[in-house]
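Q: I have a structure open and want to learn how to read it. Can you take me through some features, step by step?

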Amino acid sequence: MFIPFPIHRTIVTALMVATASASWAADPLTLIEAQRIAIGRSQQLVAQGALTTAAREQAVAAGQLPDPVLKFGIDNLPADGADRGSLTRDFMTMRRIGVMQEITRSEKRQLRSERFERDAQRVQAQRQLTLANLQRDTALAWLDRYYTEGMRELVQQQIEETRRQVQAADIAFRAGRGSQADVFAARSAVIQLEDRIAQIDRQSRNAGLMLARWVGTQDADRPLSGSPPWQTTSLQSQVSSEHFKQHPDLLAMGAEVDAVETDARLAQANKQADWSVEASYAQRGPAYSNMLSIGVSIPLQWDQKNRQNRELAAKLALVDEAKARYEDMLRNHEAEVRAWLNDWQTGKDRLSRYRNELIPTARQRTEAALNSYRTGKSDLASALVARRDEIDTRMQALTLEMETARSWAQLNFLVPEHSMPAQAKEQP
């Protein structure tokens, strides 16, 4: 049947769109892409960006003089007598309008502005910390799912091999060359492996749920691609205290120390009172002269020992407290990082031993046990035990690699990666 060209083109276009959508849905999810998606979805980064903007706007406002005060009123209005309520007949009655301006010293205004700038710096450092934690947590969830899928594939391969052993044992038993115990042993091995698959599936689902927390359900269901580069990290050559101080958590704590130090300098500046200047114009009745008034107000800090000095002492105590927390955080951070570095290096050494010695030895033992079974020198149960031990060794190696990769992620994302999407970069 002939299809008109416009309709034909529409159908072809629809098929191309559907095919492209199906292809996109099957695209694998790499570690870097998962982190990029997580950053793009993060509302915490958006909130901290807004807080930074708010602090910087406040810094500009805090550097200005206070708003002038408009003052108006009526002075000496007669309350009784013949002139009661009159605005013009008594010579003392005045309609007054004026303005008052508090003259805050430039040093104080600069310190108040600097205080909000310190808040902006602190929020920016916290934003960097959030970004690093987001990349790290996404990497950990991705790694958990990646390695549980690897474990499942390994056990599934062993299930297929063991099922072939079940068939071979059943054929040998029917032909009178084997025992029924070999059949039951092979079937039992399959059941144990299937139970192991169920445990791994539970772990994989949990890892997928955690990954969905960061990248969303749709992307978390995509297959994973690429192996994590856990073998190297730049931190292995940078483990000095000066390097640790550049990490976002310590930068945030350092900005907090700067903020309380600014508070202390502002408390010191408050020991000098700000003056207020006032000017007013008073209009009297037509028979009298109008009046111009000018005045200066000066707060009397008559009890500095118990007010301003106490406030300054409190701010200085907060400085000591913040510095002590900073030093404690630095020590704790350094100990944590060195522990992760030790776990990572030890894990790499152990993995080398597994791959070069333990796994080849376990494979040779399995092959020897299978050869003995085929030549009638041993039973199938011994061969299955050897195969199970080989699986355990491979699983231990894969678990160790996962733990080593997790230590790598803890180290590698202490500082956020520079390859982030544009919307995740800091606001100017």
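Q: How many aromatic pairs does a search of the whole structure find?
A: This is a predicted model. A search of the whole structure turns up 4 aromatic pairs. Take F91 and Y288, whose pair is tilted, with 6.3 Å centre to centre and 55° between the planes.

Q: Which parts of the chain does that pair link?
A: Look at where each residue sits. F91 lies in the loop between β1 and β2 (94-103). Y288 lies in the loop between β3 (275-283) and β4. These are distant parts of the chain, 197 residues apart.

Q: Where does the pair W408 and F413 fall, edge-to-face or stacked?
A: Check the angle between the planes: over 60 degrees counts as edge-to-face. W408 and F413 have 75° between the planes, and 5.7 Å centre to centre, so the pair is edge-to-face.

Q: Is W408 buried or exposed?
A: W408 has 2%, so W408 is buried. F413 is buried too, because its relative accessibility is 4%. F91, at 46%, counts as partly exposed. Y288, at 30%, also counts as partly exposed.

Q: Why do I look for nonpolar residues inside?
A: In soluble globular proteins, nonpolar side chains tend to be buried together. Now for the case here. The largest nonpolar core has 57 residues, and W142, L211 and V215 touch the most other members. Several helices each supply at least two residues of this core, including α2 (31-41), α5 and α10 (380-412). The largest share, 12 residues, comes from α4. A second, separate core has 13 residues, among them V166, A169, A189 and L370.

Q: What does W142 touch, not counting residues up to four places away in sequence?
A: Among its contacts are L29, T30, L31, A34, L211 and P228. W142 also belongs to a cluster with Y146 and Y147, linked by ring pairs.

Q: Which residues make the nonpolar surface patch?
A: L70, F72, I97, Y281, L292 and I294 make a patch of about 730 Å². Strands β1 (69-75) and β4 (291-297) each supply at least two of its residues. L70 is in strand β1. At 58% relative accessibility, L70 counts as exposed.

Q: Where is L209 found, and is it buried or exposed?
A: L209 is in helix α5 (residues 180-215). Its relative accessibility is 61%, so L209 counts as exposed. Finally, compare sequence with space. L209 and D221 are 12 residues apart along the chain, and 9.4 Å separates their C-alpha atoms.

Terms used:
Residues are numbered from 1 along each chain as its sequence is written. This is a predicted model: local features need pLDDT of at least 70, side-chain atom pairs count only at pLDDT 80 or more; totals for chains, interfaces and linings use all residues. Side-chain values use heavy atoms; hydrogens and water are left out. Patches are made of residues with over 30% relative accessible area and no salt bridge: like charges are joined within 9 Å, nonpolar side chains (Val, Leu, Ile, Met, Phe, Trp, Tyr) within 5 Å. Accessible areas come from the Shrake-Rupley method with a 1.4 Å probe; for residues, only the protein chains shown count as cover. A salt bridge is a side-chain nitrogen of Lys or Arg within 4 Å of a carboxyl oxygen of Asp or Glu. Helices (H or I, at least four residues) and strands (E, at least two) are DSSP runs, numbered from the N terminus. Buried means under 20% relative accessible area, exposed over 50%, partly exposed in between (1.4 Å probe, protein chains only). A nonpolar core is a set of buried Ala, Val, Leu, Ile, Met, Phe, Trp, Tyr and Cys residues joined through side-chain atoms within 4.5 Å. Contact means heavy atoms within 4.5 Å. Rings of Phe, Tyr and Trp (its six-membered ring) pair if their centres lie within 6.5 Å; planes under 30 degrees apart count as stacked, over 60 as edge-to-face and the rest as tilted.
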